[in-house]
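Here's a quick tour of the model you have open. Keep the viewer handy and click along as you read.

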Amino acid sequence: MAFTIRQLQFFIAVAEQGTVSGAAQNLSISQSSVTEAIKELESDLGVELFERHPRGLNITHKGHQFLRHATKILADVSDARRSFSGEQAAVGGRLQLGVTSLVAGYVLSDLLARYRRAYPGVEVSAIEDNGDYLEHLLIGGKLDIAVMVTSNLRDRTALQSEILEVSAYRLWLPLGHPLAGADIIGIGDIAGEPLIMLTVDEIEENTGKLLAAIGAKPHVAFRTRSVEAVRSLVATGAGVALLPDLVYRPWSLEGDRIESRDISGSLPVVQVGMVWRRGSGLPQASRDFIGLAQSQRTVRQRP
């Protein structure tokens, strides 16, 4: 039989939570309902979407590929509902967006594609830059909205923000790394490990603070602004990385596996959201963008 929207929602929840119990709690349904839905979905597709292990589930390569399809299907369903509910106005105008490097390919791309489908009459332009400069452009009226890391927003008196996603830091490891089999991993366990350091937004600053808290000087093996470079270097054993789960993918471009593990203790989180100038009268195109982003934030939570 063909898979259902409900099965896709359950699948995405399991992929995000990493456990059936976590997905069931997030969806406020029974674990057996989630388990049955995943089994039926795998049977219908003829592939294994998850690898089962004692600590939970790891999404497979095929599962990771299907995740993008599933997310797009749910977004398209949301767009269809909007088009028949009178929300899709035949508006024109311009929308000037800003985005930081960390979230450009992980949040904005899908959101922007949906917006262009829903409001084809709006002329959209977007620039990528660091958070400080985007704040400057927002305050100066050069941008309507920025999609960026908001956990380190500087000028909260002049700017208004709304969180779209909260992402915790996790440890990235190559397949077979000794720490991958540990029951509990603490910050102290990685103090002597070579680090692959991502140098966009506040990632390097946060990583340095975490290690400084235990009196350890980071042993940085490689610094890069490319998430794909981090993936490749970790997968081939050049080092480990501490990165927000937002940018985690289980495979490098070369097809090598990357493990992800929780770190015990108090770790920072990355908040990604929309930011605009406080008190400004937002044009209709901007209000529509905010509304669409809010619907994308909640579509995965709809049971």
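Let's start with an arginine: the side chain of Arg 261 makes a polar contact with the side chain of Glu 259, at 3.3 Å. Keep in mind that this is a predicted model.

**Around Arg 261**

- Arg 261 sits in strand β10, which covers residues 258–261.
- Is Arg 261 buried or exposed? Its relative accessibility is 12%, so Arg 261 counts as buried, the cut-off for that being under 20%.
- If you skip residues up to four places away in sequence, Arg 261 touches Arg 55, Arg 170, Leu 171, Leu 173, Ala 180 and Ile 185.

- Ser 264 is in the loop that links β10 to β11 (269–277).
- With 36% relative accessibility, Ser 264 comes out as partly exposed.
- Its contacts, leaving out residues up to four places away in sequence, are Ile 184, Ile 185 and Gly 186.
- Gly 188 is 76 residues from Ser 264 in sequence, and their C-alpha atoms are 10.0 Å apart in space.

**Ser 125 in β4**

- Strand β4 (residues 123–128) is where you'll find Ser 125.
- Ser 125 has a relative accessible area of 30%, so it is partly exposed.
- Which residues does Ser 125 contact, setting aside neighbours within four places in sequence? They are Arg 94, Leu 95, Gln 96 and Leu 97.
- For Gln 96, the C-alpha to C-alpha separation from Ser 125 is 5.1 Å, although the two are 29 residues apart along the chain.

**The nonpolar cores**

- The largest nonpolar core has 60 residues, and those touching the most other members are Leu 95, Leu 102, Val 103, Leu 171, Trp 172 and Phe 289.
- Helix α5 (residues 101–118) gives this core its largest share, nine residues.
- There's also a second, separate core with 21 residues, among them Ala 23, Ile 38, Ile 59 and Phe 66.
- Back at Phe 289, the contacts beyond four places in sequence are Leu 95, Leu 97, Leu 108, Leu 111, Tyr 115, Ile 145, Val 147 and Met 274.

**Helix α5**

- α5 runs for 18 residues and spans 25 Å from first C-alpha to last, close to the 26 Å expected at 1.5 Å a residue.
- Where does α5 bend by about 50°? The bend is at Leu 108, which is also a contact of Phe 289.
- The buried residues of α5 are Leu 102, Val 103, Ala 104, Val 107, Leu 108, Leu 111, Leu 112, Arg 114, Tyr 115 and Ala 118.
- An α-helix has 3.6 residues a turn, so residues three or four places apart point the same way.

- An unreviewed UniProt entry annotates residues 3–60 as "domain: HTH lysR-type".
- That span, residues 3–60, is 62% helix and 14% strand, and its end C-alpha atoms lie 19 Å apart.
- Ser 28 is in the loop between α2 (20–27) and α3 (31–45).
- Its phi is near 60°, a positive value in a residue other than glycine.
- Most residues other than glycine have a negative phi.
- Ser 28 counts as exposed because its relative accessibility is 67%, and the cut-off for exposed is over 50%.

Definitions and conventions:
Residues numbered from 1 in each chain as written. Predicted model: local features only at pLDDT ≥ 70, side-chain atom pairs only at ≥ 80, totals over all residues. Heavy atoms only, no water. Core = buried A, V, L, I, M, F, W, Y, C linked by side-chain atoms within 4.5 Å. Buried < 20%, exposed > 50% of the residue type's maximum accessible area, 1.4 Å probe, protein only. Helix = DSSP H or I, 4+ residues; strand = E, 2+ residues; numbered from the N terminus. Contact = heavy atoms within 4.5 Å. UniProt positions renumbered as here; feature names shortened; annotations may be inferred. Expected span 1.5 Å × (residues − 1). Bend = angle between axes of the 7 residues up to and from the residue. Polar contact = N/O pair within 3.5 Å; in protein donor to acceptor, adjacent residues only side chain to side chain.
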